[in-house]
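Subject: Structure handover

Hi,

Here is the structure I promised to pass on. Please open it alongside these notes.

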Amino acid sequence: MPKIINCTKMYITERNRTNTIILFIKKFRDDLNTCYEKIQLSYFYYFCVKLLKSKTNNYKSITMKIIKLLIICIASLFITQGWAQKIKSTNFEVLKMDEGIYAVIHKSGGHAICNAGIVDLGDKTVIFDSFLSPFVAEELLEVVEKLKLSPVKYVVNSHYHNDHIRGNQAFADDVIIISTRKTRNMIIKEEPGQIQKDSVYAKKEFARLDSIKNISKPRDFKKSRNLMEWYGYYEALVQTTPILKTRLPEVTFDHEMCINGSKRSIKLRSFGKGHSIDDLVLLIQDDGIAFTGDLVFINMHPYMTGGYPDQWINNLNELRHAGIKRIVPGHGPVGNLDNIDRMIQYIIVIEEQAVTMYREGLTFEDIEPLTIPEPFNNWWFEEYYKMNITFYLEKIAKDLERQ
Ligand SMILES: [Zn+2]
């Protein structure tokens with residue numbers, strides 16, 4: 001069968017050659033765009049300085065000077081924000097972290113609910129977390145297309161919670177979903193019941209929030225934002241539960257997995273028990289960036305119910321020393337190592353509060369009058385503070401039972 005072997009070889013060689021040409025053209029186009037933007041910006045600064053330095057002695061020339069400056073400012077906005085102009089979503093905003101690395105940050109009232117990540121490895125793109133709604137996951141694919149990134153080959157699920165996995169079904173069959181083995185098992189165990197619960201509970205809760213939203217809009221901005229967050233959450237559940245088809249991860253691992261591309265490599269690392277039974281983090285070591293999933297929340301009270309606070313603190317300390325500088329959390333804006341410290345502080349505060357209450361013989365009713373200490377009193381979802389203390393008090397009781 002030498003003829004077939006030759007044909008296969010020829011085909012592979014031809015495909016490689018085509019891929020190389022495509023990659024070369026893409027790189028040339030990117031370099032050209034970057035170069036073009038730099039030239040445009042240089043012109044912008046040159047004209048600004050020239051205009052500001054030029055002597056003006058009458059009203060007409062001053063007016064002309066202001067008009068010209070305004071035109072240049074507007075033009076520069078279009079140049080520098082060219083790619084951002086193309087992406088408009090009520091569900092998220094896209095932030096460029098580095099060339100080919102994007103943080104997708106959920107918007108208040110939208111249907112994304114959690115953050116996601118887009119990482120172009122040069123010859124393939126990896127999506128980190130797929131949102132609550134398959135419809136919003138479809139928008140992620142549009143973003144990849146608009147940014148002219150490499151085709152999506154992998155979708156990573158950081159953990160099993162619904163807001164991080166339900167967009168899986170939006171991706172084509174040849175896209176591979178990855179998670180840790182424990183996360184896959186938890187999706188199998190929890191999702192059918194969770195979807196069932198969501199389909200009943202979400203309708204009632206959405207109707208309740210809808211009536212509040214329409215009758216009286218809270219004047220307090222924080223309360224208003226919290227209401228919008230929940231409104232978006234339940235609205236997405238009502239819209240999506242009838243069409244949900246749980247798509248399980250096809251590839252799993254236990255500890256670590258590397259994905260290598262032509263431009264960069266990424267590491268998927270399991271941190272084990274923390275926020276969930278197994279928290280997966282995407283590390284881009286060369287760029288000092290981590291997509292942490294719900295191991296880190298920024299400016300928001302974390303959801304601790306069902307978590308493992310002691311191991312969570314250890315894992316946050318480990319992440320702090322993983323050689324990264326910038327963090328894309330599971331919820332909240334992009335941050336840095338200080339935000340990891342604040343998360344550790346937060347869990348310690350919850351633990352101390354619960355232990356003190358237990359020692360003083362206080363019960364769940366005594367949680368209600370508690371006030372949230374600084375700096376956490378400005379975080380979103382303040383209702384989680386009391387929920388987290390309740391969870392910790394229950395944990396103390398369970399731990400004592402076991403002894
Ligand atoms: Zn979660």
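**Around strand S11**

In S12, Phe291 has Val328 as its bridge partner. The chain crosses from S11 through H8 to S12, and this β-α-β crossover is right-handed (with the strands pointing away from the viewer, the path from the first strand over the helix to the second runs clockwise). S11 and S12 (residues 326–331) run parallel and are joined by 5 bridges. Two strands count as paired if DSSP finds at least two bridges between them.

Before going on, two notes on the source. This is a predicted model: local features need pLDDT of at least 70, side-chain atom pairs count only at pLDDT 80 or more, and totals for chains, interfaces and linings use all residues. Residues are numbered from 1 along each chain as its sequence is written.

Strand S10 also pairs with S11, antiparallel, over 3 bridges. Here Leu282 stands opposite Phe291 in S11. S10 and S11 form a hairpin with 4 residues between them. Gly288, in the turn, has a positive phi of about 65°. S11 is mostly covered, with 9 of its 9 residues buried. Buried means 20 or more other C-beta atoms within 10 Å of the residue's own; exposed means 12 or fewer; partly exposed is in between; C-beta atoms are placed from the backbone.

**Helix H8**

H8 (residues 309–320) has 12 residues. From its first C-alpha to its last it reaches 16 Å, close to the 16 Å expected at 1.5 Å a residue (the expected span is 1.5 Å times one less than the number of residues). Which residues of H8 are buried? They are Pro309, Trp312, Asn315, Leu316 and Leu319. They cover an arc of only 115° around the axis, which puts them on the same side of H8. That arc is taken from the directions from the helix axis to the C-beta atoms. What covers these buried residues includes strands S10 (280–284) and S11 (289–297), and helices H9 (337–359) and H10 (383–402). Contact means that the C-beta atoms of two residues, placed from the backbone, lie within 7 Å.

**Strand S4 and its partners**

S4 (residues 125–128) is covered on both faces. Thr125 and Ile127 are buried on one side, Val126 and Phe128 on the other. S4 runs antiparallel to S3 (residues 116–120), and 4 bridges join them. Asp120 stands opposite Thr125 in S4. The hairpin of S3 and S4 has 4 residues between the strands, and Gly122 takes a positive phi near 110° there.

S4 also pairs with S5 (residues 152–156), in the parallel sense, over 4 bridges. Val126 stands opposite Tyr154 in S5. S4, helix H4 (residues 134–146) and S5 make a right-handed β-α-β unit.

**Thr90**

Thr90 is found in the loop between helix H3 (82–86) and strand S1 (92–98). Is Thr90 buried or exposed? Thr90 counts as exposed, because it has 12 C-beta neighbours inside 10 Å. Leaving out residues up to four places away in sequence, Thr90 touches Lys107 and Gly110. Thr90 and His106 are 16 residues apart in sequence and 9.0 Å apart in space, C-alpha to C-alpha.

**The whole chain**

The chain has 10 helices and 13 strands. Both are DSSP runs, numbered from the N terminus: helices are H or I, at least four residues, and strands are E, at least two. Of the 403 residues, 32% count as buried. Among contacts between residues at least 6 apart in sequence, 67% join residues at least 24 apart.

Best wishes
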